[in-house]
Amino acid sequence: MTLIEAPPEQRDPSLTPPRTFASAERIRVRAFGLADAGELAGAFLSALALVWLVYERLTPLSGILGFWVCVYVAFLGIAWFVAREQRGAVVARDQVVRIVVWSGGVGLIVPLALIVIVVVGHGYHALRPHFFTQDGSRVGSLNKATDGGASDALVGTLEQVGLAMLISVPLGVTTAVFLNEIGGWLARPVRTIVDAMSAIPSIVAGLFIYIAVIRGLDYHPGGFAAALALSLLMLPTVTRTTELVLRLVPGGLREASLALGSTEWRTTRHVVLPTSRTGVVTAVILGVARVVGETAPLLLTLGAAHVFNGNPFSHPQNSLPLFIFNQFLLAQPSTVARAWTGAFVLLVLVLVLFLAARLAGGRGAGHIGRVRRWRLARKGLA
Amino acid sequence: MTIALDTPHPTYPAPAPPRPGGATLAARNVGAWFGDHQVLANVSLDMPAQQVTALIGPSGCGKSTFLRILNRMHELVPGASLAGEIALDGTDIYRSNLAVTETRRRIGMVFQKPNPFPAMTVSENVLAGLKLSGLKRSDHAAIVENCLTRAGLWNEVKNRLGDAGGGLSGGQQQRLCIARALAVLPSVLLMDEPCSALDPTSTRRIEETIAELSQQVTIVIVTHNMQQAQRVSHGCAFFLAAENEPGYIVESGPTEKLFSNPDDPRTLDYVSGRFG
């Protein structure tokens, strides 16, 4: 029996062995090697030793903060010196700047992590499910920390921040569109005023609403008056951030839209705003972040209730920051614990809101969501 | 005479159906300024229907400005003004009561840099003009296929219609922009160096597209590539500007004549690559 081999092009491709490429080990560009780590560790240790010698033995200095500042400076100097000896002055400067920038990044994370750790550590053990369902009307400073709840404050915060968003987001985005897409002689004074607004102390915003709305218009203090004060604080943040992200939209897109026979409004509505959607969401997040923890303007506008009130347009309300403030003021172990619990809940609330906002509109402009793709596919367009 | 650009238009006529084969565009004594600086003087040019007219000349001689005057994009630049007359099938687009949006819809434009809308899918990009210009057309799926086919892109993207327009390659993006411009039924298509950012293969595809489209719309193309002007255009206009002086047309006429036997020696020097 003879086996006839098929010519190469007729062979089953699944039977041919996959082509292999003789490959050398991949080059790792800019890898941070053991030698670099050793160099930095050595520089740090010698800085520590040097400063210890100077601080503890040679001079009568003391203080932990000064010690570590000196260690850091000495570390930079020694790292620079070592790098210069080995690789030259240019690389040494690069090394020093790299260390400074890295320590800046780490220095930012440390306080943030500390805040989260401290708040969670103090806040979690007095948290019970009924914290979200009961209000603070039947608890005083002699109750246990786990008694009562803050549903009044939680609902109040959500409603006030929500109302403030409803007021300031449309107003802020419209103003930003005016500043960036229309402009003209009025743009400069408007921009100056918006900048000046962002410098208003929050207590002044509260005072203004108190004088102008509560005293002036004889409107009762409550959720709506508080939302007005918060929207005053939110407006400049939303406006300026939105303006910055609208400025990032390439002018070529506006021209392309106008060249198709579009009006300015349709260009803004269908091209500019969708392109900068992520940035507008960021602007809203920054605006909410600006006001969600505000206490000062609420002191004057909210009327401070401890009874659950879901209607921001009638009767006083409570809010989480105000709840925290009032509980701390009572200065009993149980009320302080309750304040920490409130802080913990506020932190989680902010985290949830931001995650929701990022999920809702945070993907880049080029991302086509599943719902949109499905809708297009139904029309035969995808 | 300088035309005031912000004169309101009293009436808005209904969009006219495009004439098959495109419209004739004629420029008479066009001048252009940016502030006090004059960049174009006395430009007169006929751009006949069913033909490709190429505008050639060295950088900074006002070709692109002239192109942008043809569909009223020039006035978007702050401080820009112009003089003269642009007639679309005999109607002056600056003095008649034709709305500026309607003018731009009928005289479409493809830009030097491909600029698909990044927030839209391929199919949404093609249909964007309908939404933006308020043009009512039914059967969107057929429009998408028709425009992408005419732009020479359908086979490459028919399975990617739901992907983002920004995810295509540079040459595909530029053909997507051509398809987008075609969807609003323009009579004239202006192209401002459409291939200058593209590789040779994509350039060839766009040139084929131009050749196919020239039967359907009037095309005016600015190009720095002499071979391209020779390949794609029927008529040609050679622009030139002396230092700090406005640009003007040295010579215009059939492409063959300009490239083989021009009247002006400067034209011969330019098309044969001796300057510019």
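Two residues count as in contact here if their C-beta atoms, placed from the backbone, lie within 7 Å. Keep that in mind for the first stop, and remember that this is a predicted model.

**Stop 1: where the chains meet**

Show chains A and B together. By that contact rule, chain A brings 28 residues to the contact and chain B brings 32 residues. Now colour the side of chain A that touches chain B. Which elements give two or more residues to it? Select helix H8 (251-259), helix H9 (264-275) and helix H14 (370-378) of chain A, and you have them. H8(A) gives the most, with 7 residues. If you colour this side of chain A by residue class, you'll get 13 nonpolar, 10 polar and 5 charged residues.

**Stop 2: a helix and what covers it**

Stay on chain A and select helix H1, residues 34-58.

Next, pick out Ala43(A), Ala47(A) and Val51(A), the buried residues of H1(A). Look at how they are spaced along the helix. An α-helix has 3.6 residues a turn, so residues three or four places apart point the same way. Now bring up helix H2 (64-87) of chain A, which is part of what covers the buried residues of H1(A).

**Stop 3: a helix crossing**

Still in chain A, select helix H4 (residues 151-182) and helix H7 (residues 223-247). Their axes are 6 Å apart, and the helices pack at an angle of about 35°. H4(A) passes H7(A) in a right-handed crossing. Colour the contact of H4(A) with H7(A) by class and you'll find 18 nonpolar, 10 polar and 3 charged residues.

**Stop 4**

Most residues other than glycine have a negative phi. Go to Arg72(B), which is not a glycine and yet has a positive phi of about 60°. You'll find Arg72(B) in the loop between helix H1 (63-70) and strand S4 (80-88) of chain B.

Then jump to Asn244(B), in the loop between strand S9 (235-240) and strand S10 (248-254) of chain B. Asn244(B) also isn't a glycine, and its phi is positive, about 60°.

Is Arg72(B) buried or exposed? Arg72(B) has 21 C-beta neighbours inside 10 Å, and the cut-off for buried is 20 or more, so Arg72(B) counts as buried. Asn244(B) has 7 other C-beta atoms within 10 Å, so Asn244(B) is exposed.

How values were computed
Residues numbered from 1 in each chain as written. Chains lettered and ligands numbered in written order. Predicted model: local features only at pLDDT ≥ 70, side-chain atom pairs only at ≥ 80, totals over all residues. Axes fitted to C-alpha atoms, helices over the stretch in contact; angles between N-to-C directions. Helix = DSSP H or I, 4+ residues; strand = E, 2+ residues; numbered from the N terminus. Left-handed = near helix turned anticlockwise from the far one by under 90°. Nonpolar A, V, L, I, M, F, W, Y, C, P; charged D, E, K, R; others polar. Buried ≥ 20, exposed ≤ 12 C-beta atoms within 10 Å, placed from the backbone. Expected span 1.5 Å × (residues − 1).
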